[in-house]
Amino acid sequence: MSTSEKPTHLLVDLHVKYIQSLDTKKDDLEYWLTEHLRLSGVYWGLTALDLLNNIDALNKEDVVKYVVSCQHDNGSGFGGHVGHDPHLMYTLYAIQILVIEDALDAINVDKVVEYVASRQDRATGAFTGDEWGEIDTRFSYCAISCLSLLKRLDAVDVSKAVEFLMLCKNFDGGFGSSPGAESHAAQIFCCVGALAIVNSLHLVDADLLGWWLCERQLKNGGLNGRPEKLEDVRYN
Amino acid sequence: MTLEAEVWNDITPIPQDDGPDPLAPIAYDTEYTKAMDYFRAISQKDERSERALELTEKIIEYNPAHYTIWHYRQQILFSLNKNLYEELEFVKDQIDNNPKNYQLWHHRQVLVEKLKDASRELPFINEILNDDAKNYHAWTYRQWVIRTFNLWDDELDFVNKLLDKDVRNNSAWNQRYFTIFFNPTKPTDEFLAQEIDYVIEKIKMTPNNISPWNYIKGIIAKSNKDINILEGLCKEIEEQNIISPHALGCLVDIYESRARNGSTADKEEGIKICAILAEKHDTIRKKYWEYRKVILVSL
């Protein structure tokens with residue numbers, strides 16, 4: 001495409017069509033190999049459509065039905081697709097979608113709250129993503145964000161959760177996935193986001209973290225996720 | 001492995017349920033479809049058998065991020081009392097091909113936890129770090145191994161070697177902090193003094209490398225030392241006519257700390273450097289340096 005052919009405005013209709021088409025590419029092996037994160041895909045598509053003022057481009061009834069079908073048989077957490085194991089990350093995506101669609105009444109909220117609360121290790125305050133036991137501050141964010149949307153933060157030990165997040169704060173002001181793990185922009189999003197939700201931003205070393213974050217920008221304007229790495233649009 | 005009919009003739013495969021209202025028919029790789037159909041059937045009855053184990057391997061070859069499969073595989077391995085050392089080899093091959101997959105690293109951790117034997121772990125992680133010395137998964141796992149199996153003794157040597165190879169490896173600097181300050185044996189004052197000298201040497205090699213700057217400020221704060229000890233280093237870099245925004249930024253820190261103790265001369269000096277950084281040497285962070293200037297002015 002030559003410079004003269006470049007669009008000068010956002011081609012909203014084409015973006016909307018593209019997002020709608022993602023659910024029909026079932027001839028591609030890739031479609032099936034990403035099955036485990038189908039629910040995330042719905043969230044990304046839906047939020048993009050919402051930003052484009054086209055949320056109705058995906059039929060609400062279908063979306064809600066699909067989300068409900070991803071809830072595990074025991075009525076607790078949600079998996080990435082029908083029949084997949086429940087996981088905190090997909091549970092957050094499910095709740096986010098249902099809140100966007102104003103359809104929380106389609107599920108048993110108490111059961112979801114019970115599931116999320118059961119993922120907290122009451123001794124350390126940390127959260128495991130699923131019954132497999134992987135611990136990561138990403139899952140702290142998933143749990144806190146999810147319970148906040150459901151207005152049920154009372155179901156977990158918030159001060160212990162904060163304690164764990166603070167153990168993951170590093171000498172450079174950033175946060176990592178577990179105590180001692182390197183500061184990483186994505187983990188910082190999760191930790192600071194979780195702290196903000198529970199009104200604990202005063203625990204962040206704002207000046208030190210502020211420096212770390214703005215130091216992510218390179219001379220060409222792009223942002224990297226960790227010091228001395230290359231820029232990548234996913235961090236913008 | 002092929003999905004030979006005779007091994008599976010007692011199982012009725014369960015086809016994909018694509019949720020309500022599927023929009024288009026399925027036409028993807030038939031081997032994968034078949035494997036998934038059998039998986040749905042046998043996982044529903046929680047079959048833990050050799051053929052189930054082989055099936056998980058087949059699906060994993062296609063899609064190593066399919067977390068439900070890994071969970072099922074683990075249960076089969078433990079139920080059948082399989083040789084977990086062989087499984088370590090399997091997961092090693094998988095990680096070699098997919099070094100940034102969460103499921104794989106966690107699977108390995110579960111195996112090693114069960115085996116209570118970490119003898120193969122550091123050599124394995126070293127191989128992975130050899131290909132990508134900043135692999136976040138490898139480092140996080142390494143920290144778990146070191147902490148769980150108390151393998152602190154040789155870690156600083158390892159970090160030294162990595163920093164000799166690439167002094168800009170921020171993961172290695174982070175590991176350095178972990179090795180020194182998460183170790184149950186606390187560092188002595190003498191050790192910390194040597195450590196600061198070590199970092200100063202590294203900064204002199206690459207004054208525009210942010211990693212050791214962040215690190216040295218971190219250990220100064222951690223050990224309650226004074227940021228002023230870096231003034232000589234900053235001046236030395238300046239005198240060599242090397243433009244280093246980090247050295248200038250460190251001077252801002254130093255002058256600000258003195259301005260807080262009442263020094264007007266340092267306050268003025270700090271304001272001057274903020275302006276130079278904002279207008280000339282670090283223009284992308286103009287707003288940051290203007291913010292620092294406002295703080296200095298308010299002191």
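Q: What is the area buried between domain 1 of chain A and domain 2 of chain A, and what makes it up?
A: About 1,500 Å² is buried between domain 1 of chain A and domain 2 of chain A, and carbon and sulfur atoms give 75% of it. Keep in mind that this is a predicted model. An area is a handy answer here, because the size of an interface is often given as the accessible area lost when the parts come together.

Q: What makes up the side of domain 1 of chain A that touches domain 2 of chain A, by class?
A: That side of domain 1 has nine nonpolar and eight polar residues, and no charged ones. The contact takes 17 residues from domain 1 of chain A and 20 residues from domain 2 of chain A.

Q: Where do the bounds of domain 1 and domain 2 of chain A fall?
A: The domain assignment gives 12-107 for domain 1 and 108-206 for domain 2. Their C-alpha centres lie 24 Å apart.

Q: How many salt bridges and polar contacts are counted between these two domains of chain A?
A: The count of salt bridges is zero, while four residue pairs are in polar contact.

Q: Now to the two chains. Why is the pair B:Arg168 and A:Glu228 called a salt bridge?
A: The closest N and O atoms of B:Arg168 and A:Glu228 are 3.1 Å apart. The cut-off for a side-chain nitrogen of Arg and a carboxyl oxygen of Glu is within 4 Å, so the pair qualifies. Across the interface of chain B and chain A, the rule finds one salt bridge.

Q: What else describes the contact between chain B and chain A?
A: Each chain gives 56 residues to the contact. The two chains bury about 4,900 Å² between them, with 56% of it on carbon and sulfur atoms. There are also 24 residue pairs in polar contact. Helices H2, H4 and H6 of chain B are among the elements that give two or more residues to its side. By class, that side of chain B has 27 nonpolar, 21 polar and eight charged residues.

Q: Why is B:Thr206 called buried?
A: Its relative accessibility is 14%. Buried means under 20%, so B:Thr206 counts as buried.

Q: Where is B:Thr206 found, and which residues does it touch?
A: B:Thr206 is in the loop between helix H11 and H12 of chain B. Leaving aside residues up to four places away in sequence, B:Thr206 touches B:Val167 and B:Arg168.

Terms used. Residues are numbered from 1 along each chain as its sequence is written. Chains are lettered from A and ligands numbered from 1 in the order in which they are written. This is a predicted model: local features need pLDDT of at least 70, side-chain atom pairs count only at pLDDT 80 or more; totals for chains, interfaces and linings use all residues. Side-chain values use heavy atoms; hydrogens and water are left out. Contact means heavy atoms within 4.5 Å. Buried area is the accessible area (1.4 Å probe) that two parts lose on being put together, summed over both. A polar contact is a pair of N or O atoms within 3.5 Å; within protein, one must be able to donate a hydrogen and the other to accept it, and residues adjacent in sequence count only if both atoms are side-chain atoms. Helices (H or I, at least four residues) and strands (E, at least two) are DSSP runs, numbered from the N terminus. Ala, Val, Leu, Ile, Met, Phe, Trp, Tyr, Cys and Pro count as nonpolar, Asp, Glu, Lys and Arg as charged, and the others, Gly among them, as polar. Domain bounds come from an automatic or database domain assignment. Buried means under 20% relative accessible area, exposed over 50%, partly exposed in between (1.4 Å probe, protein chains only).
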